[in-house]
Amino acid sequence: MNLFDFIFLTTWLLPLAGAHENQVPLAENGPTTTPRVAIIGAGIGGASTAFRLNELTKLSSSIEVTIYESEPNLGGRVKSIAPENSPQVVEAGATHFFTQDWCLRTAMEGTGVKERRKDPLALPKSSGLWDGKELRTAPKCNGDSMSVWDHARLIWKYGISPWKFRKSVQSALEKWKSFAGLIPTFGSAVKELEQVGLSDLVLDSAEGYLKNISITPHFLTEVVQPCTRAQFSQNLENEPALPALVAVAASKATSIEGGNSRLVDRMIQLSGVNLQLNSRVTRIGHGYHRRYRLSIVRNSLKDSQNLRHADFDAIVLATPLWSSKVDLSDLHLQSIASISQYVETHVTHFATPANISPKFFDHSLNVTIPDDLLTTASPSHDPDLLRLSRSTIRFRRGCLPGNDCRQFDTEYLYRVLSRSLIKDGDLVRMLGQQLEGEYELSDYNISWVHRQFWPHAFPQYGKDDGLQEKVEIAPNLFYLNGAEEIISSMEMSCRMGDNIAMTLYMQDWDHGPA
Ligand SMILES: Cc1cc2nc3c(=O)[nH]c(=O)nc-3n(C[C@H](O)[C@H](O)[C@H](O)COP(=O)(O)OP(=O)(O)OC[C@H]3O[C@@H](n4cnc5c(N)ncnc54)[C@H](O)[C@@H]3O)c2cc1C
């Protein structure tokens, strides 16, 4: 065989002989032996994994990272939207985190994003509680913003329960601060919980745990539950104890200037990863060139060109398995968090110069509706409101050339968190009117509406659900969102991403297939 025949045979004929429908194009696998990591999901968890991994490896460029995101945008449940003609952004997903959340704060420093100067949701002017029958004085979910008078009033009304509860909150927060922070990496979230002394707060529902420490049912339903409904869209029986305590955290709430999704954008941008938007991972199987093979469909392509495959040495699953529907049936997995259900939530924003009418709640009610209205669980709520809060928004309207375009109209911006869909008729009823067939929302002074439906907003506590033993559910396959069962928050996803990045960095890489 001459040299020409040899080159022809090795470059064209031999690969064709082994070709099959799942043939992996070389470009998908990278020409080098550099370890290849795929992150599935570009929410705060995926972003934090990528960002931290880049920080750890940037001097050596020793790991190649690709992020697959099924949506056209980054952020996942962190979603900041910019209403047309307004300089402001509105949070359709996660609204805030706490000043003591060290992982997010470190990420802010590393990316240069700034804290939002004034968070309207964190500092409501007046607050109230609707219990299905009457409007009452509201609990303050953020203990830090309570005055001595607020504390005294609670103790007068509920006896020793508020004091006991506050003690539990402080102790839980102290321990939560250390979670994922004591040792650089942890392989088991369950062991890490034991290590920091939080196990008992995740094994029981908030209701079970708090009743056990003799907090009175009244205090639970009138003070604690409205806060968990407002924060996690759930009643106490469906929430583990830890998030319920953190929901009333004694620390200041904060958010990102320009919108929380800026943090996700910046982390991914600075990490220099190969970002594949509109790319849904459908399956993780055994690899051909490397340990794992991903099957990916592109939203934008026609069916025939749609399915692609790519091989990786390690995978980070940075999305809840429930919603991602990634097929893992080929793999032999360690125990996975058996979250039995996620709650769905609707977030509706609307702008209007009008006040909310008390008649929406009850025809005989004649009071001013407060800026931040929490609710207790009541079967009579229709639609089932979890929180109704008011801030302001500026719009620039009708700015024609030659006009002074610095002029803004200021309107109220309402944010409604609800279990059921808020229809146009509900919005108009909130303003004390009835929607007539031929009219539009603008006829009722509603200038802007945005509806966001979250089918998998938060995991629901189930007493038979098992906690995920290991973060690494198969060799080099990490499941970030198993930890959501402990607490579902931006900070938790950030800490898990941090932890997985560190584990990957310290990995002794084996490039071959399993
Ligand atoms: C209404 C609401 C309010 C909230 N408020 C707060 C709050 O105030 N403070 C707080 O800390 N937390 C809050 N949370 C919770 C917080 O938003 C989440 O815990 C956190 O954002 C989860 O981030 P994540 O990256 O782990 O997951 P996600 O944000 O869910 O990201 C997963 C990503 O993976 C993508 N994906 C899914 N399947 C696939 C696939 N097969 N292939 C490729 N990509 C895929 C998704 O499109 C998504 O972008 C709130 C959540 C909701 C819904």
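The model is predicted, with local features needing pLDDT of at least 70 and side-chain atom pairs counting only at pLDDT 80 or more, while totals for chains, interfaces and linings use all residues. Residues are numbered from 1 along each chain as its sequence is written, and side-chain values use heavy atoms, with hydrogens and water left out.

**Ligand surroundings**

- There are 37 residues around the ligand, and Glu69, Arg77, His96, Asn481 and Ser493 come nearest; a residue is near if one of its heavy atoms lies within 4 Å.
- By type, the shell holds 16 nonpolar, 17 polar and four charged residues (Ala, Val, Leu, Ile, Met, Phe, Trp, Tyr, Cys and Pro count as nonpolar, Asp, Glu, Lys and Arg as charged, and the others, Gly among them, as polar).
- Helix H3 (44-57), strand E10, strand E18 (448-459) and helix H16 (490-505) each supply at least two residues of this shell; helices (H or I, at least four residues) and strands (E, at least two) are DSSP runs, numbered from the N terminus.
- A polar backbone atom of arginine 77 is 2.8 Å from an oxygen atom of the ligand.
- For methionine 490, a polar backbone atom is 2.9 Å from an oxygen atom of the ligand.

**Six-stranded sheet**

- Six strands form an open sheet with mixed pairing, in the order E9-E2-E1-E13-E20-E19; two strands pair if DSSP finds at least two bridges between them.
- Strand E9 (274-276) and strand E19 (472-474) each have a single partner strand, so one side of each edge strand is left without a neighbour in the sheet.
- From one strand to the next, the twist averages 20° (axes are lines fitted to C-alpha atoms, for helices over the stretch in contact; angles run from 0 to 180 degrees between N-to-C directions).
- Strand E2 (residues 64-68) runs parallel to E9, and three bridges join the two.
- Within this pair, isoleucine 67 stands opposite leucine 275, and tyrosine 68 has glutamine 276 of E9 as its bridge partner.
- E1 and E2 are parallel, with five bridges, and tyrosine 68 in E2 is the bridge partner of isoleucine 40.
- Strand E1 (residues 36-40) is also parallel to E13, through four bridges; here alanine 38 has isoleucine 315 of E13 as its bridge partner.
- E13 pairs in the parallel sense with strand E20 (residues 477-479) over three bridges, and leucine 317 has tyrosine 479 of E20 as its bridge partner.

**Burial in this sheet**

- In strand E13 (residues 314-317), Ala314 and Val316 on one side and Ile315 and Leu317 on the other are all buried, so both faces are covered; buried means under 20% relative accessible area, exposed over 50%, and partly exposed in between (1.4 Å probe, protein chains only).
- Strand E2 is largely enclosed by the rest of the structure, because four of its five residues are buried.
- Glutamine 276, in strand E9, is buried at a relative accessible area of 14%.
- The side chain of glutamine 276 makes a polar contact of 2.9 Å with the side chain of asparagine 274.

**Three-stranded sheet**

- A sheet of three strands, in the order E10-E11-E12, is open and has antiparallel pairing.
- Its edges are strand E10 (279-286) and strand E12 (307-312); each has a single partner strand, so one side of each is left without a neighbour in the sheet.
- Neighbouring strands of this sheet are turned by 25° against each other on average, direction ignored.
- Seven bridges link E10 with strand E11 (residues 292-298) in the antiparallel sense, and arginine 280 has valine 297 of E11 as its bridge partner.

**Loop between E18 and E19**

- Glutamate 469 lies in this loop and counts as partly exposed, at 37% relative accessibility.

Key: A polar contact is a pair of N or O atoms within 3.5 Å; within protein, one must be able to donate a hydrogen and the other to accept it, and residues adjacent in sequence count only if both atoms are side-chain atoms.
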